[in-house]
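Q: I would like to learn how to read a protein model feature by feature. Could we look at one together, taking the general idea before each case?

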Amino acid sequence: MMRSRYRFGALAGGWAAFWATVAVADSAYNTEAGTTGSFLKLLTERLEFTLREIPALGAHLTGLPGQISDRVALLLLGIVAAGLLAEFLVRLLLSRARLRGFDRLVGQSPLRAFGRALLLDVLALVALGVAGRVVVAQIGDPQSVGNKLGQQVFAAMLYWRSFNLVFRAWLRPGTPEGRIAPIDDAAARGLLIALNWVIVLPLLGSHIARALEVTGAAREVISAAVILYAPLIAACLLWVVWHWHKEMAAWLSAMVSPNRIGRRLKLDTAVRWWVFGLLFYAMMGLAAVYAALTEANMAARGLTIIESALIALLLFETLMHRIRRHIVSELPMAGDVVADCLRLVARLYVVILVVDAMMVRVLGAMTAAEWATHDRGAKIAAVTAVAIYALWRFIRYRMDSYIAANPLPSADATGDAEEDVKVAASRLRTLMPLLRAITGATILVVGGLLVLAELGVNITPLIAGASVFGLAVSFGSQSLVRDIVSGVFFLAEDSFRIGEYVDCSRVKGTVEGFSVRSLKLRHQNGQLHIVPFGQVGHITNFSRDWTVVKFNLAFAPGTDIELLRKTVKKLGLEMAEDPAFKPIIMQPLKMQGVVDIKDSQVIVRFKFMARPKNPSIIQRTAIRRMYDTLPGLGIRFATPTMTAYPTPMMPGGVPATVASPPAAAPAPSPTPANSPTAPEAKVAAE
């Protein structure tokens with residue numbers, strides 16, 4: 001119920017809007033008639049006058065056999081029959097070649113397959129033209145009424161079949177491998193019929209009026225005929241829109257990109273396109289009737305231009321949709337950029353064409369001379385918009401290519417070993433996402449202002465308003481401004497990069513990312529810390545330039561320290577020449593000396609300098625090699641010493657721990673830090 005009310009309201013609104021439109025157009029084109037009375041009275045008078053010419057129309061039609069002989073009538077029918085038959089036969093002869101081309105080329109180069117099939121269809125159209133022209137030549141005198149009618153029939157048939165060729169090239173019923181439109185076979189067949197009706201019905205109405213004019217009918221008689229058949233043609237077009245609205249909705253919905261902004265709105269518009277279609281063709285029918293009554297056909301021509309532009313845009317968008325799928329698979333990103341720029345050019349051109357038709361022809365709000373200035377500004381603005389968009393897409397393409405070629409190191413511990421740790425990102429790779437966002441915003445703002453200026457909009461108030469708004473935001477969000485400014489200076493000083501391990505006073509972790517105002521740190525235990533730049537007092541970077549690793553090992557007393565030093569130096573040089581460690585080690589492993597002697601152990605310190613990628617693997621490898629090499633040279637590692645305490649004895653030589661029966665342990669009492677342990681206390685008591 002709600003849907004029916006909505007449709008009725010939309011149709012009623014469109015009807016009212018049309019009559020308001022034609023009223024404005026009437027005042028623009030028929031100012032002299034407007035002085036004699038109101039528009040409604042004038043329209044009523046002309047309608048009554050035209051309807052009184054219907055008997056004259058009937059008389060003119062009954063007199064046509066006197067002007068056109070039976071032979072000429074048969075030849076007029078023969079033009080259509082011969083042309084269609086020649087086209088059918090040529091298409092039938094070339095069908096095998098078309099299918100072979102699809103089978104051989106569609107998997108390798110779909111565009112070549114499409115071009116070859118289109119060329120074969122053009123040959124069929126050429127055969128139609130030749131056959132039709134041969135029949136027209138049989139009519140005789142070029143100045144006769146029959147020959148003029150034959151020329152009209154031939155032109156109408158050629159016009160119709162040319163559009164049919166284009167529609168068939170895009171839809172290809174029964175040949176899905178060569179189809180451009182993203183629909184199935186059933187929808188392709190239905191839409192081919194529907195689009196042919198959309199071309200044939202208005203074409204039929206136009207050529208009926210021309211045929212009446214050629215046969216000598218008065219203008220009032222032609223107007224009466226148009227009033228009679230224009231509503232019928234409009235009703236047929238409305239039926240075509242409604243009958244195949246689901247198939248067209250499937251076509252439009254399939255071309256909506258899943259990753260673009262406004263996808264939901266685009267899908268809703270694609271599904272409900274029939275509302276606009278019904279309103280448009282209703283307006284076309286009313287415009288045709290209005291043109292017949294007032295002899296002002298500017299509105300009807302404007303709507304025809306809009307219809308042709310929208311159909312051409314649909315076919316172009318469909319072709320770009322198909323080409324993008326092919327180009328992206330062979331030339332990643334670059335083909336996408338070129339296709340989007342071409343689509344923007346086509347869209348802007350169609351927008352300018354539609355606005356021109358609406359303002360000059362349909363609404364009559366401007367004359368052609370008045371619109372010329374605005375048209376020039378609109379075209380310059382369109383060229384500027386295309387250039388700015390192409391610049392942004394090229395910059396974004398280069399940035400995305402650099403990001404894809406330089407993946408960020410992961411802070412996740414998903415590797416099987418610590419050797420999988422990746423090096424930190426470069427400074428440019430770290431700043432690239434932020435640079436891309438800033439560049440996009442700058443191009444959008446500057447480009448938008450340039451386009452508005454070309455369209456005649458005064459941009460000075462916009463700039464002043466933006467300045468005041470920015471000042472108000474800076475005063476109202478001081479903490480936000482502090483975070484952003486601090487982040488700008490941290491990034492400008494190259495304080496950190498993605499993948500580096502840093503200490504930010506309060507938290508530590510690996511830099512996983514950052515935004516305009518905050519820093520993301522991944523702790524080694526997995527926690528993610530988000531720290532605003534304004535709260536970062538200082539940054540200690542553990543992953544920059546180089547790192548020195550020092551570690552101690554314990555050796556047995558009597559170790560030959562000089563032999564140990566020489567052996568470790570030799571191991572360090574061997575590791576420095578190892579291809580696995582040569583890019584990492586900056587100073588080889590060496591012994592610093594004895595740092596302590598305690599508990600029958602000689603503590604020796606070692607050190608090396610390496611790049612801060614993963615120095616722990618160098619340390620582990622060095623210790624393992626020393627463990628394998630040093631014992632063979634008589635250098636022993638220290639072993640832990642155990643201290644044995646005397647066991648208390650009972651009289652008779654029985655240990656107290658054996659003779660004493662198990663008893664409940666007394667409650668522990670606080671023991672001073674310098675008091676002896678429990679076994680020592682027992683010995684002291686005895």
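Q: Is Trp 244 buried or exposed, and at what relative accessibility?
A: This is a predicted model, and every value we discuss is computed from it. Trp 244 counts as buried because its relative accessibility is 10%, which lies under the 20% cut-off for that class.

Q: Which aromatic pair does Trp 244 form, and how should I read its geometry?
A: In general, a pair of aromatic rings is described by the distance of the centres and the angle of the planes. Here Trp 244 pairs with Trp 239 in an edge-to-face arrangement, with 5.5 Å from centre to centre and 80 degrees between the planes.

Q: How many aromatic pairs does the structure hold, and which residues do ring pairs link into a cluster?
A: There are 10 aromatic pairs in the structure. Ring pairs link Phe 551, Phe 555, Phe 606, Tyr 627 and Phe 637 into a cluster. A ring can also carry a charge over its face, and this is the case for Trp 160, where Arg 161 lies at 4.7 Å from the ring centre.

Q: In what order do the five strands of the open sheet come?
A: Strands of a sheet pair through backbone hydrogen bonds, either parallel or antiparallel. In this model the five strands follow the order S4-S3-S2-S1-S5, and their pairing is antiparallel. Strand S4, residues 528-532, and strand S5, residues 540-541, stand at the edges with a single partner strand each, so one side of each has no neighbour in the sheet.

Q: How many bridges join strand S2 to strand S3, and which residue stands opposite Phe 514?
A: Strand S2 (residues 508-514) and strand S3 (residues 518-522) run antiparallel and are joined by four bridges. Phe 514 has Leu 519 of S3 opposite it, and the hairpin that S2 and S3 form has three residues between the strands.

Q: How many bridges pair S3 with S4, and which residue takes a positive phi in their hairpin?
A: Five bridges pair S3 and S4 in the antiparallel sense, and among the partners across these strands are Lys 520 and, in S4, Ile 530. The hairpin of S3 and S4 has five residues between the strands, and within this hairpin Gly 526 takes a positive phi near 110 degrees.

Q: Why is S3 largely enclosed by the rest of the structure?
A: S3 is largely enclosed because four of its five residues are buried.

Q: Which residues does Arg 343 touch beyond four places away in sequence, and is Arg 343 buried or exposed?
A: Arg 343 is found in helix H16, and beyond the residues up to four places away in sequence it touches Phe 316, Glu 317, Met 320 and Arg 324. Arg 343 counts as buried because its relative accessibility is 13%.

Q: What does Leu 348 touch, leaving out residues up to four places away in sequence?
A: Leu 348 is found in helix H16, which covers residues 334-362, and it touches Ala 382, Ala 385 and Val 386 when residues up to four places away are not counted. With Ala 382, the separation in sequence is 34 residues, while the C-alpha atoms are 6.3 Å apart in space. Leu 348 is partly exposed, as its relative accessible area is 24%.

Q: How many disulfides does the structure hold?
A: A disulfide is a covalent bond between the sulfur atoms of two cysteines. The structure holds zero disulfides. As for the setting of individual cysteines, Cys 504 is buried with a relative accessible area of 1%, whereas Cys 236, at 30% relative accessibility, counts as partly exposed.

Q: What does the secondary structure of the protein chain come to, and what share of its residues count as buried?
A: The protein chain has 24 helices and eight strands, and 37% of its 686 residues count as buried. The chain exposes about 39,300 Å², of which carbon and sulfur atoms supply 64%. Among contacts with a separation of 6 or more, 69% come from residues 24 or more positions apart.

Note on methods: Residues are numbered from 1 along each chain as its sequence is written. This is a predicted model: local features need pLDDT of at least 70, side-chain atom pairs count only at pLDDT 80 or more; totals for chains, interfaces and linings use all residues. Side-chain values use heavy atoms; hydrogens and water are left out. A disulfide is a pair of cysteine sulfur atoms within 2.5 Å. Buried means under 20% relative accessible area, exposed over 50%, partly exposed in between (1.4 Å probe, protein chains only). Two strands pair if DSSP finds at least two bridges between them. Helices (H or I, at least four residues) and strands (E, at least two) are DSSP runs, numbered from the N terminus. Contact means heavy atoms within 4.5 Å. Accessible areas come from the Shrake-Rupley method with a 1.4 Å probe; for residues, only the protein chains shown count as cover. Rings of Phe, Tyr and Trp (its six-membered ring) pair if their centres lie within 6.5 Å; planes under 30 degrees apart count as stacked, over 60 as edge-to-face and the rest as tilted. A charge sits over a ring if NZ of Lys or CZ of Arg is within 6 Å of the ring centre and within 35 degrees of the ring normal.
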